[in-house]
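Please open the model in your viewer and keep the selection tool at hand. The tour below moves from one selection to the next and says what is there.

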Protein chains: 2
Amino acid sequence: MSTKNPMLSLAFIAAILSAQPALADEEPLTMAAVMAAAGPQDWRSVEPENALYMQLPQGVVVFELAPQFAPATIANIRKLVQQRFFDGLAIVRSQDNYVVQWGDPAAGTPQAMPHGDAADTLTPEFYRDRQGLNFEPLNSRDSYADEVGFVDGFPAGRDADRAWLTHCYGMLGVGRATPVDSGSGAELYVITGHAPRHLDRNVVLIGRVLVGMELLSTLPRGTGPLGFYEQPEQFTEIQSIRFGNELPASMQMSLQVMRTDTDRFRDLVAARTHRLEDWFTDPAGRIGVCNVPLPVRTTPVE
Amino acid sequence: MSTKNPMLSLAFIAAILSAQPALADEEPLTMAAVMAAAGPQDWRSVEPENALYMQLPQGVVVFELAPQFAPATIANIRKLVQQRFFDGLAIVRSQDNYVVQWGDPAAGTPQAMPHGDAADTLTPEFYRDRQGLNFEPLNSRDSYADEVGFVDGFPAGRDADRAWLTHCYGMLGVGRATPVDSGSGAELYVITGHAPRHLDRNVVLIGRVLVGMELLSTLPRGTGPLGFYEQPEQFTEIQSIRFGNELPASMQMSLQVMRTDTDRFRDLVAARTHRLEDWFTDPAGRIGVCNVPLPVRTTPVE
């Protein structure tokens, strides 16, 4: 393989091939070694009631929601999902290096889907109190936040008082108009480009993509302003959105995310900071919060 | 529009609609106001000999090259292009949130395209001396570099001695195997995800995409390891690669990039740092080097 494809990432292949278990609290390891050494205690199962399944014609996208950051917003989305608000709506926007967004193309017109018992406005959950979170700090000189790190597998920032989720690739958020209470959860978006961190604390983030990101990131870009599709034929239909606990067991994916509060995860961060693979001749020795991988897997069969 | 689409970016639309000329050295302006106020002196024409045109079945991708950072690498690519090395080769890899990459699928085999008078190995241009560049510093607490900024429209970093281009979205680089001199320019890649800044100074960057980025970013992701396509039928053919000065005038695009060494550009940075649009309730007041837009336009008709 090394002669056939002299490419960027041969060292990653080599690292995977040379993976072997190793111990924490030693010299930094390679990513492959960290992953190989991870045991069941390093993973957390995703709760079905926090897993959101969006069925598209191309396949399913699965999100994990973070009620520790946006409980009221997620409760409102749960009401929308329970009344099947999203089923038959559409992805209406794909802007390159920014977002895909979906909701009701008829919002604001007489043909709009009713929100039923879900609220149309919500007190915005742009941030929360920094206390009471399992915040694992990352040693990173962040361009935007005083401090960054991870909370239960989600990237996050905090200052002296507040904590918030950060707009990294694959994060799920709630579109809103100019009024801060206008984000009801009826319009959702996913970040598909370089992290637009200036949105942090200005929009409510509610989770992240675990499965099927490529179904969103490869959508044709809309040719209208801001990447909106100009013709309804360009929309992608949302066939359904369901919470995991609404699905029959046979349709649920048993997913695990790597815990971010363990020595194993600290090893992972060190591996990605110091890049011991031979390919790297000048390892950064530094890392950004949106460059730390947050591994996901299907639960292994015992 | 504000009632029809209660979405993330209504304020951007409002800002565009309310654009009006304004002066530099005052309070920060909106991005729309900065763009409206930009005059001919704020733009630089792209030299045809630094413009690279890659024709794909879906359309053309145009890059601007940066010989001030990688003169020997670009000279070698010029030799490859002049002998039509790339014509008929393929995009062989698309890895989500990372890169697309192209070159000779038969590299390393007896069927490989010969490199002709181009070199197979090159002394790597991972960085250069920091002196002698038109470096416009950006006030940013960067996660990776001591200092970041812009050089002639390209994002860059520097330390006490060295300067280098930074791996932002849309940057063009030279794939290599583990030997540092193995990046000949016969394998090229473009960043299609969150900036993998750990690659800075470990790979040779040579330019950035000006036109057609969406043709690369929406390519189906490869299902093999590292996003390589598993079947040749999945490749995208490279119909041709040419420098602008090789093309008939009728096929050249007359492109301009915004200068990054002007008060206008400093206004642009301020606009994106302070976000005066009504939509933002908690402007960051900070910015990352890969979040600063670097505007491109076709030269206006006088």
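Which backbone oxygen lies 2.9 Å from a polar atom of the side chain of A:Arg176? It is the backbone oxygen of A:Asn202, and the pair falls within the cut-off for a polar contact (N or O atoms within 3.5 Å, where within protein one must be able to donate a hydrogen and the other to accept it, and residues adjacent in sequence count only if both atoms are side-chain atoms).

Before going on, note that this is a predicted model, in which local features need pLDDT of at least 70 and side-chain atom pairs count only at pLDDT 80 or more, while totals for chains, interfaces and linings use all residues. Residues are numbered from 1 along each chain as its sequence is written, chains are lettered from A and ligands numbered from 1 in the order in which they are written, and side-chain values use heavy atoms, with hydrogens and water left out.

Stay with A:Arg176, which sits in the loop between strand E11 (171-174) and strand E12 (188-191) of chain A; helices (H or I, at least four residues) and strands (E, at least two) are DSSP runs, numbered from the N terminus.

Next, select B:Asp282 and A:Arg201, whose side chains meet in a salt bridge at 2.7 Å, N to O. B:Asp282 lies in the loop between helix H5 (263-274) and strand E17 (296-298) of chain B and A:Arg201 in the loop between E12 and E13 of chain A, so the pair joins two chains. Both residues are buried.

Finally, select A:Asp142 and A:Arg197, which form a salt bridge at 2.9 Å, N to O. A:Asp142 lies in the loop between strand E7 (135-138) and strand E8 (147-151) of chain A and A:Arg197 in the loop between E12 and strand E13 (204-211), so the pair ties together parts that are 55 residues apart in sequence.

Notes:
Salt bridge = Lys/Arg side-chain N within 4 Å of Asp/Glu carboxyl O. Buried < 20%, exposed > 50% of the residue type's maximum accessible area, 1.4 Å probe, protein only.
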